[in-house]
Amino acid sequence: MTCTEFLALLDDLIDDSISAEMRAELEQHLHKCGHCEVVFNTTRKTIEIYRSHEIYDMPTGLRERLHAAIMARCKNGC
Amino acid sequence: MTTIQSVAGELEPHPDVALVERVRGGDVSAYDTLVRKYERQIFRISQHITQNREDAEDVMQDAFLKAYEKLDQFQGNSKFYTWLVRIAVNESLMRLRKRRTGKMVSIDEDLETEEGTVPRDLADWAPDPEQNYNQAELAEILRKTIQGLPQGFRVVFALRDVEGLSTEETAETLGLSIPAVKSRLLRARLQLRERLSRYFRRKTGAKETGPGEMGRGEMRVEK
């Protein structure tokens with residue numbers, strides 16, 4: 001397996017949407033190729049970091065304003 | 001098996017379905033529950049697309065209000081959440097159009113770049129790279145980095161990887177084909193990885209092991 005072939009299947013490996021045979025082949029490549037191992041590990045880490053850190057805090061009072069707006073519509077319509 | 005039950009959708013309806021029914025029956029407090037459940041996600045998605053805090057606030061409000069008003073049109077054949085996300089994505093794009101008057105805005109712009117298709121920075125990262133920064137610094141790095149992605153990549157990454165929509169749901173929400181979502185996701189992930197490497201790479205001198213496997217040969221990647 002070449003690095004290009006590995007990269008083409010990188011997402012499937014990360015998302016675990018491949019067959020056991022294909023996974024074994026990709027893991028075999030990882031074992032031999034330090035560069036692909038770094039790309040694989042750091043890509044996985046990239047996703048994990050974005051998933052676990054809140055980068056946009058919700059403004060305070062936004063929920064209350066939304067609630068008031070919904071109640072106003074409700075009085076008009078329901 | 002639970003997976004089979006939820007796929008069938010009959011034995012175990014999604015809890016949102018009951019909430020939507022209550023709202024339809026006139027119970028506004030049930031809608032508050034739905035708002036509390038999804039407000040953060042909707043606000044984040046709006047921020048990712050509009051890149052503007054005020055716009056994101058407006059979009060969040062408008063999306064929830066619109067969803068409330070159109071609740072009768074919600075068919076229940078998709079999840080309430082993905083239906084809501086679709087409304088928020090459309091509202092966000094409309095907001096962008098208003099800002100850039102006259103200029104068409106779509107999620108397809110700026111995709112010509114080849115950046116990120118071939119990994120260039122092959123340095124390994126520090127074991128827990130986030131710990132080298134405080135929370136505010138880290139949030140700034142992550143914001144700056146994702147804001148540098150082309151819109152069409154950023155929104156796919158945000159929906160698929162941050163908000164956890166499936167490939168199919170992301171495709172449906174954005175009106176893209178599944179292969180398009182997959183190719184954008186790969187490029188988004190690789191571009192973000194490349195850009196974050198600048199901050200997270202293992203500092204030289206702090207190496208625990210020698211170059212080992214890393215020294216062997218170049219990455220063989222054809223364009």
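The questions and answers below go from one chain to the pairing of the two.

User: What kind of model is this, and which pLDDT do local features need?
Analyst: Residues are numbered from 1 along each chain as its sequence is written, and chains are lettered from A and ligands numbered from 1 in the order in which they are written. The model is predicted; totals for chains, interfaces and linings use all residues, side-chain atom pairs count only at pLDDT 80 or more, and local features need pLDDT of at least 70.

User: How many helices and strands are there in chain B?
Analyst: Helices (DSSP H or I, at least four residues) and strands (E, at least two) are runs numbered from the N terminus. Along the sequence, chain B reads α-α-α-α-α-α-α-α-α. The count is nine helices and zero strands.

User: What share of the contacts in chain B with a separation of 6 or more joins residues 24 or more positions apart?
Analyst: Two residues are in contact if their C-beta atoms, placed from the backbone, lie within 7 Å. Of the contacts in chain B with a separation of 6 or more, the share from residues 24 or more positions apart is 70%.

User: What percentage of chain B is buried?
Analyst: A residue is buried if 20 or more other C-beta atoms lie within 10 Å of its own, exposed if 12 or fewer, and partly exposed in between; C-beta atoms are placed from the backbone. Chain B has 223 residues, and the buried part is 36%.

User: Is Y38(B) buried or exposed?
Analyst: Y38(B) sits in helix α3 of chain B. Leaving out residues up to four places away in sequence, Y38(B) touches Y81(B) and L84(B). Its C-alpha atom is 9.4 Å from that of V85(B), 47 residues apart along the chain. Y38(B) has 22 C-beta neighbours inside 10 Å, so it counts as buried.

User: How are α2(B) and α3(B) oriented to each other?
Analyst: Axes are lines fitted to C-alpha atoms, for helices over the stretch in contact, and angles run from 0 to 180 degrees between N-to-C directions. The axes of α2 (residues 15-24) and α3 (residues 28-50) of chain B come within 7 Å and cross at roughly 140°. Angles under 35 degrees count as roughly parallel, over 145 as roughly antiparallel, 65 to 115 as roughly perpendicular and the rest as oblique. The two helices, α2(B) and α3(B), are therefore oblique.

User: What is the handedness of the crossing where α4(B) passes α5(B)?
Analyst: Their axes come within 9 Å and cross at roughly 135°, which makes α4(B) oblique to α5(B). Residues of α4(B) that meet α5(B) include D55(B), V59(B) and K66(B), and on the α5(B) side I87(B), E91(B) and R95(B) are among them. A crossing is left-handed if the near helix is turned anticlockwise from the far one by less than a right angle, and right-handed if clockwise. This crossing is right-handed.

User: Which element supplies the largest share of the side of chain A that touches chain B?
Analyst: Across the interface, 34 residues of chain A are in contact with 45 residues of chain B. Elements that give two or more residues to the chain A side are α1 (3-8), α2 (10-14), α4 (34-52) and α5 (62-77) of chain A. The largest share, 12 residues, comes from α4(A).

User: At what angle do α4(A) and α9(B) pack?
Analyst: The two are roughly perpendicular to each other. T42(A), T43(A), T46(A) and I47(A) are the residues of α4(A) in the contact, and those of α9(B) include R189(B), L192(B) and L196(B). The axes lie 9 Å apart, and the angle is about 95°.

User: Which residues of chain B does I55(A) contact?
Analyst: I55(A) is in the loop between α4 and α5 of chain A. I55(A) counts as buried because it has 20 C-beta neighbours inside 10 Å. Leaving aside neighbours within four places in sequence, its contacts are A139(B), L142(B) and R143(B).
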